[in-house]
Amino acid sequence: SAMLRRVASHARPGGLIVFHELDWDGVRSFPPAPAYDRYRAWSAAALRLSGVELHMGMKLYSTFIAAGLSAPFLRLEAVMGAGPHSSDLLQLTADLVGTLSPTMVQRGVAAPDEIGHDTLADRLRDEARATGSVIVGPLQIGAWCRV
């Protein structure tokens, strides 16, 4: 809230304060796609162990209020897909795992040979097609108000 208060102090009267954050509780697949679920859990664990607030999206409302701002408008969306329409989300997942893999190894979340980043996107796509899974990424939460 202190950071948000500082940011708001630079806005013009009537200006917008807008934040977009994630909430990792929304990540899932149905029917289960075990590899997708495992890699997303590993990503969340690596982020959490690095000090990232995994539920900041859901905390935006109270953070705006604590910063002395007016109650923000809120919007929630999630990227999701199924079958051939899950490819982009699965590529994002593979890219995130690639970015976080050193942290996963360093924090003891996964061993290097478990990650297999080079083939991950293809393996996730194959699994999603084979299981017919609907894939859901993290919840995307926006909050905004005028100062």
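The legends below describe close-up views of a predicted model.

**View 1. The largest nonpolar core.** This core holds 26 residues, and those with the most contacts inside it are Y36, Y39, W42, M104, L124 and I135. Helix 2 (34–49), helix 4 (87–106) and helix 6 (117–131) are the elements that give two or more residues to the core. Helix 2 supplies the largest share, eight residues.

**View 2. Surroundings of W42.** W42 is among the residues with the most contacts inside the largest nonpolar core. Apart from neighbours within four places in sequence, W42 is in contact with M104, V109, A110, E114 and I115.

**View 3. The second core.** A separate core of 12 residues includes I17, F19, M56 and F64.

**View 4. T93 in helix 4.** T93 is placed in helix 4. With a relative accessible area of 1%, T93 is buried, because buried means under 20%. Apart from neighbours within four places in sequence, T93 is in contact with Y36, R40 and L124. Of these, Y36 and L124 are listed among the residues with the most contacts inside the largest nonpolar core.

**View 5. The cis peptide bond at P31.** F30 and P31 are joined by a cis peptide bond, with omega about -15°. Most peptide bonds are trans. P31 is found in the loop between strand 2 (28–30) and helix 2.

View 6. L74 belongs to strand 3 (residues 73–82). The relative accessible area of L74 is 47%, so this residue is partly exposed.

**View 7. The salt bridge between E53 and K59.** The model has four salt bridges. In one of them, the side chains of E53 and K59 meet at 3.0 Å, N to O. E53 is partly exposed at 35% relative accessibility, and K59 is partly exposed at 36%.

**View 8. The salt bridge between R75 and E77.** The closest N and O atoms of this pair are 2.6 Å apart. R75 is exposed, with a relative accessible area of 52%, whereas E77 is partly exposed, with 42%. The two residues are classed apart because exposed means over 50% relative accessible area.

View 9. The side chains of D126 and R129 form a salt bridge of 3.1 Å, N to O. Both residues lie in helix 6 and are three residues apart, about one turn of the helix. D126 is partly exposed, with a relative accessible area of 46%, and R129 is partly exposed at 49% relative accessibility.

Note on methods
Residues numbered from 1 in each chain as written. Predicted model: local features only at pLDDT ≥ 70, side-chain atom pairs only at ≥ 80, totals over all residues. Heavy atoms only, no water. Core = buried A, V, L, I, M, F, W, Y, C linked by side-chain atoms within 4.5 Å. Buried < 20%, exposed > 50% of the residue type's maximum accessible area, 1.4 Å probe, protein only. Helix = DSSP H or I, 4+ residues; strand = E, 2+ residues; numbered from the N terminus. Contact = heavy atoms within 4.5 Å.
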